[in-house]
Amino acid sequence: FFSLSLSLQLVPLIGFISVGLGSAVLYLLRLALYSPDVSWDRKNNPEPWNKLSPTDQYKFLAVSTDYKNLKKDRPSF
């Protein structure tokens, strides 16, 4: 009886830890795949941040910036 009661009490703890670890892994995958600072192919694309247009949203959450209406304010290389 004691072990069954203890294991039922651990279910929410295991669930919350699983959700936390899963969201951390998904966020790290998002950073590795979609961040302009990460270059997986240094031979063909050594500087991926130079290929971003002003309308590309690379932040996770843009609260007050509408990226569709931005104009280019930097030189082209």
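Reader: What share of the contacts in the protein with a separation of 6 or more comes from residues 24 or more positions apart?
Author: Such residues account for 13% of those contacts. Please note that this is a predicted model.

Reader: And how many helices and strands does the protein have?
Author: The secondary structure comes to 1 helix and 0 strands. Helix α1 covers residues 2–34.

Reader: Which residues does the "transmembrane region" annotation cover?
Author: According to the unreviewed UniProt entry, the annotation covers residues 6–29. In the model that span is 100% helix, and its end C-alpha atoms lie 35 Å apart.

Reader: Turning to the surface, which residues form the nonpolar patch?
Author: The patch consists of V25, L26, L29, L33, Y34, V38 and W40, and together these have about 820 Å² of accessible area.

Reader: Is Y34 buried or exposed?
Author: Y34 counts as exposed because its relative accessible area is 65%, and the cut-off for exposed is over 50%. Y34 belongs to helix α1.

Reader: What about P36: buried or exposed?
Author: P36 is buried, since its relative accessibility is 12% and buried means under 20%. P36 sits in the segment after α1. Its C-alpha atom is 7.8 Å from that of L52, 16 residues away along the chain.

How values were computed. Residues are numbered from 1 along each chain as its sequence is written. This is a predicted model: local features need pLDDT of at least 70, side-chain atom pairs count only at pLDDT 80 or more; totals for chains, interfaces and linings use all residues. Side-chain values use heavy atoms; hydrogens and water are left out. UniProt positions are given in the numbering used here, feature names are shortened, and annotations may be inferred rather than shown by experiment. Helices (H or I, at least four residues) and strands (E, at least two) are DSSP runs, numbered from the N terminus. Patches are made of residues with over 30% relative accessible area and no salt bridge: like charges are joined within 9 Å, nonpolar side chains (Val, Leu, Ile, Met, Phe, Trp, Tyr) within 5 Å. Accessible areas come from the Shrake-Rupley method with a 1.4 Å probe; for residues, only the protein chains shown count as cover. A salt bridge is a side-chain nitrogen of Lys or Arg within 4 Å of a carboxyl oxygen of Asp or Glu. Buried means under 20% relative accessible area, exposed over 50%, partly exposed in between (1.4 Å probe, protein chains only). Contact means heavy atoms within 4.5 Å.
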